[in-house]
Amino acid sequence: MSSQSNIQPPTAIQIGSNGVYFIGIGGIGMSALARYFNALKIPVSGYDRTATVLTQQLESEGIAIHYEENISLIPKKIDVVVYTPAIPKDHAELVYYQQNGYTVVKRSDVLQWISANSFNICIAGTHGKTTTTSMTAHILRHSGYGCNAFLGGIAANYNTNFWSSSNNVVVVEADEYDRSFLKLTPDVAIITAMDADHLDIYGTAEAVETAFLQFSDKIKKGGCLIAKHGMARQAEFTADTVTTYSLSNTDAHVHATNIVVENGSYRFNVVGRGWTIDNVMLHMGGLHNIENAVAAIAVAKFLNIEEDKIVAALDAFKGVKRRFEYHLKTDTHVLIDDYAHHPTAVIETLRTARQIFGSRRIALAFEPHQVSRLQALLPEFAQSLALADHVLIAPVFAAREANSAIQHALIQNLAQRVSSAGIPTEVCGTLDH
């Protein structure tokens, strides 16, 4: 698969020799875009608060990055400035560019430009979308169909969140935060879940669902929506073709059957309307990942990819980093890293661990992601954490939010709720950052 992208640069802007500057370049979505422009031989540079493995990889790929918020370090001749919502509005570099006549856009605007003239496969959902996006893009790449992939995680097969292809097809993780996914125009879309999330933006669970319905309205004529069976307001989805999928519900258009665990992997069949794919192997833990694979297979079938190539691709799929990723696995100790930051995702992660490791004790170290999410879903988080045998709760990772004075009370409230369920619970680390 080519390392150079053959899709055209965005047509909505003029990008010349001055290049693109990213404020928050170390974010998973931002870094994918940085790699895209770098592959086009367009000069790329950026800022982030701290150096990480990912930013170091970007630097090794020829991208200049600095880690100090300082306008003396930023390029003054630049064609486009891209920023992430994680950057505070008063960030000195962002303010400088905004006040001095530069073209300053959000990451979602760039994705809109990139995908304006391509065949787009857009995967949305409040959880499950990163793995499903990675599976879908991997099937297209491994089978030889080809795609340009913008992922929300690092695909273990390729150790990257972006790759390119001569085929003008874009597979992109469609982010619901800030309604960003409404800027995309899918030919094929997946919706994995519409649970209440980002209530700091949407306000209510109903508003979240409405946004996903609006996303389904964006599907092009002749396109296809692949939606998890049984979601609220399922009957309101609009697309020329609507296909539902499920782990095992036979009322769905596509579902798995004959699921068997073999040496820590799954073997199963996938049944659609008028077709069956036998002996699919998936080397990832969790029944929810079989369901994600069913959705990715539904996309591949819609694209008429040969069934033997679909099976071979999934057999070769190594997963996504920080999605039930093993860091230690011995007869006595196992250490797993998972990005689960919504109560439903936490439940799936713990259930997967129970399924694989049986009666072994689970000690869970949990870092809440954003104060607003923890505040809105505090009872649900308490219920999900109570599935572990011992819980350690770390300070909130604020991400794009400012540090909040209420986080201490929220953490203590969460710890009390989990402890009240009979689960030994500790609060660790400082709550003052």
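Buried here means under 20% relative accessible area, with exposed over 50% and partly exposed in between, using a 1.4 Å probe and protein chains only.

Quick housekeeping. This is a predicted model, where local features need pLDDT of at least 70 and side-chain atom pairs count only at pLDDT 80 or more, while totals for chains, interfaces and linings use all residues. Residues are numbered from 1 along each chain as its sequence is written, and side-chain values use heavy atoms, with hydrogens and water left out.

So, aromatic rings. The structure holds 13 aromatic pairs. Rings of Phe, Tyr and Trp (its six-membered ring) pair if their centres lie within 6.5 Å; planes under 30 degrees apart are stacked, over 60 edge-to-face, and the rest tilted. Take Phe-22 and Phe-37: their ring centres are 6.3 Å apart and the planes sit at 50°, so that pair is tilted. Phe-22 is in strand 1 (residues 20-23) and Phe-37 in helix 1 (residues 28-39), so the pair ties together parts 15 residues apart in sequence. Helices (H or I, at least four residues) and strands (E, at least two) are DSSP runs numbered from the N terminus. Phe-22 is buried at 0% relative accessibility, and Phe-37 is buried too, at 1%.

Back to Phe-162. What is its partner in a tilted pair? Phe-150, at 5.2 Å centre to centre and 50° between the planes. Phe-150 belongs to strand 7 (residues 148-155) and Phe-162 to strand 8 (residues 160-163), 12 residues apart. Phe-150 is buried, with a relative accessible area of 4%. And ring pairs link Phe-22, Tyr-36, Phe-37, Phe-150 and Phe-162 into a cluster.

The charged end of Lys-76 sits over Tyr-96, 5.7 Å from the ring centre, and that of Arg-141 over Trp-163, at 5.0 Å.

Which helix gives the most to it? Helix 4 (residues 107-114), with 3 residues. By class, the lining has 4 nonpolar, 2 polar and 4 charged residues. Ala, Val, Leu, Ile, Met, Phe, Trp, Tyr, Cys and Pro count as nonpolar, Asp, Glu, Lys and Arg as charged, and the others, Gly among them, as polar.

Terms used
Lys NZ or Arg CZ within 6 Å of the ring centre and 35° of its normal.
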